[in-house]
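Please work through each task before reading its solution.

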Amino acid sequence: MKYLKYIFIFIVLPIQIYLAIWYTPVVKGLGESTRVFYYHVPVAWLAVLSFLISAIYSAQFLRKRDFKADLKAEANARLGLLFSVLATVSGSLWAKITWGDLWNWDPRETSILILLIIYLAYFTLRSSVEDEDRKATLSAVYSLAAFATVPLLIFVIPRVYESLHPDPILNERGKVEMSSTIRWIFLFSMITFTWLFVYLKKYQEELMLLKNRKRNLILEKLKK
Amino acid sequence: MFAWIKQVFSILEKDIRSEFRQKYAISGILMFAFVVVIAVSFALSGIKPGPRFGAILFWITVLFADLAGFAHSFIKEEEEQTALALKLCTEPAVIFWGKMLFNVFLATVLLVTIIPLSIIFLGLVTDHWLDFILFAFFASLAMTVGTTLIAAITAKASGRGPLFTILSFPVLLPVLIVAIKATYAILSGNTLMEQLNELITVISYIMLKGAIGHLLFEQVWQDASK
């Protein structure tokens, strides 16, 4: 297991960079900006995945009243915020190149923006409650209530409204419509980013738990 | 089941009685809507905004007027320290639905006021008024259901005023987008049946948020009584 980390850093990550930056064929109409695709879609996927994991931890906190779950929910929300900013910025730059404007209010652009605002609202809520127990409860409830909007944002609205985005990767005919080289590089990028997320998630959660332990130790000292 | 519904309506009755003593939420919502519509009309200086901008201005006014008053019923329970007494009276789900019905009442009063104001000052016109009103009611209901749980959360946090708007806005944005699109279509001559996709999205949202609120409200409410 220990070597997996090194395999990822020294083999998988360089291969992904090589494939996405140098090896990839250039799509007609997209030009050199084709490469953004291999980064934009994975970070958008990780923004949603982080939110899902944060909501699961929130539900776990409400069920068991385990404060570690609350801290883990916050850790994943932090990652979600980072990925949704990256997805919004990369999408916006790509939109400028392909559609002519940085922002077009396309349904998918709207969805990721709402996700970003939900994360910001979540952290505003956390910072406006002093009591630890109450902070954890209220933010867990908000996280779950806000997460209930995500299926509507990700799956319903982009399909109800006309989108500038290409067909969903898996469309209604159940087909993946990409050339085989692009498809394989795309899948490899998705796996690489998800793998990277596993490490980021682990370290972010550990960091949050350590910070909390340090804070508790200081508080104990002060009490004495 | 009947007793449960009766209790929900008792909460609604209590809130309406208490509201009409001070008229804080209702006057806040109505004055907000009035001021915004007048200000927009004044800024347009007689130019009719047309169906697209008419729909946008109408829903932006409804959204922010709703946000100005929806949190009040929960905040009042906290400020006047009546939350504990209310908790002793009945189960959390009853309070959730009772408070939500009270907000539905506020939202309906707002619609009854803002629709004539928009006709007069923004020049909203359509051949399908019944469709317009019906859709406006459902979208307004969706906004109410979507914010009741958040109003309860806000009442327990500090910085309540801006916090309610910050927390509610992303949750309500899908409804706002759908509502503007459907209202624009209705004002342009379409019927509600032609905007069935939007209506179904709004009804799904109501059911989803109603179920989530029903399940999670207890967590917030139990904490609120501490």
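**Exercise 1. Helix packing in chain A**

In which crossing, left-handed or right-handed, does α4(A) pass α5(A)?

Solution. The conventions come before the geometry. This is a predicted model, in which local features need pLDDT of at least 70, side-chain atom pairs count only at pLDDT 80 or more, and totals for chains, interfaces and linings use all residues. Residues are numbered from 1 along each chain as its sequence is written, chains are lettered from A and ligands numbered from 1 in the order in which they are written, and side-chain values use heavy atoms, with hydrogens and water left out.

Step 1. Helices (H or I, at least four residues) and strands (E, at least two) are DSSP runs, numbered from the N terminus. Chain A has 7 helices and 0 strands, and its elements follow the order α-α-α-α-α-α-α from the N terminus on.

Step 2. Helix α4 of chain A covers residues 107-127 and helix α5 of chain A covers residues 132-147; they pack at an angle of about 165°, and their axes are 9 Å apart. Axes here are lines fitted to C-alpha atoms, for helices over the stretch in contact, and angles run from 0 to 180 degrees between N-to-C directions.

Step 3. Angles under 35 degrees count as roughly parallel, over 145 as roughly antiparallel, 65 to 115 as roughly perpendicular and the rest as oblique. α4(A) and α5(A) are therefore roughly antiparallel to each other.

Step 4. A crossing is left-handed if the near helix is turned anticlockwise from the far one by less than a right angle, and right-handed if clockwise. The crossing in which α4(A) passes α5(A) is right-handed.

**Exercise 2. Aromatic pairs**

Classify the pair of Phe61(A) and Phe67(A), and then that of Phe96(B) and Phe217(B).

Solution. Step 1. A pair of aromatic rings is described by the distance of the centres and the angle of the planes. Rings of Phe, Tyr and Trp (its six-membered ring) pair if their centres lie within 6.5 Å; planes under 30 degrees apart count as stacked, over 60 as edge-to-face and the rest as tilted.

Step 1. A search of the whole structure gives 23 aromatic pairs over all chains. Phe61(A) and Phe67(A) make an edge-to-face pair, with 5.3 Å centre to centre and 65° between the planes.

Step 2. Buried means under 20% relative accessible area, exposed over 50%, and partly exposed in between (1.4 Å probe, protein chains only). Phe61(A) is buried at 0% relative accessibility, whereas Phe67(A) is partly exposed at 36%.

Step 3. The pair of Phe96(B) and Phe217(B) is tilted, at 5.5 Å centre to centre and 45° between the planes. Phe96(B) lies in helix α6 of chain B and Phe217(B) in helix α9 (residues 196-224) of chain B, so the pair ties together parts that are 121 residues apart in sequence. Phe96(B) is buried, at 0% relative accessibility, and Phe217(B) is buried with a relative accessible area of 0%.

Step 4. One aromatic cluster consists of Phe74(B), Phe96(B), Trp97(B), Phe217(B) and Trp221(B).

**Exercise 3. Charges over rings in chain B**

Solution. Step 1. A charge sits over a ring if NZ of Lys or CZ of Arg is within 6 Å of the ring centre and within 35 degrees of the ring normal. Step 2. The charged end of Lys99(B) sits over Phe74(B), 5.6 Å from the ring centre. Step 3. Arg52(B) lies over the face of Tyr184(B), 4.4 Å from the centre of that ring.

**Exercise 4. Positive phi angles**

Where is Arg65(A) placed, and where is Gln81(B) found?

Solution. Step 1. Arg65(A) is not a glycine, yet has a positive phi of about 55°; its place is in the loop between α2 and α3 (67-98) of chain A. Arg65(A) is partly exposed, at 35% relative accessible area.

Step 1. Gln81(B), also a residue other than glycine, has a positive phi near 55° and is found in the loop between α4 (72-79) and α5 (83-89) of chain B. At 71% relative accessibility, Gln81(B) is exposed.
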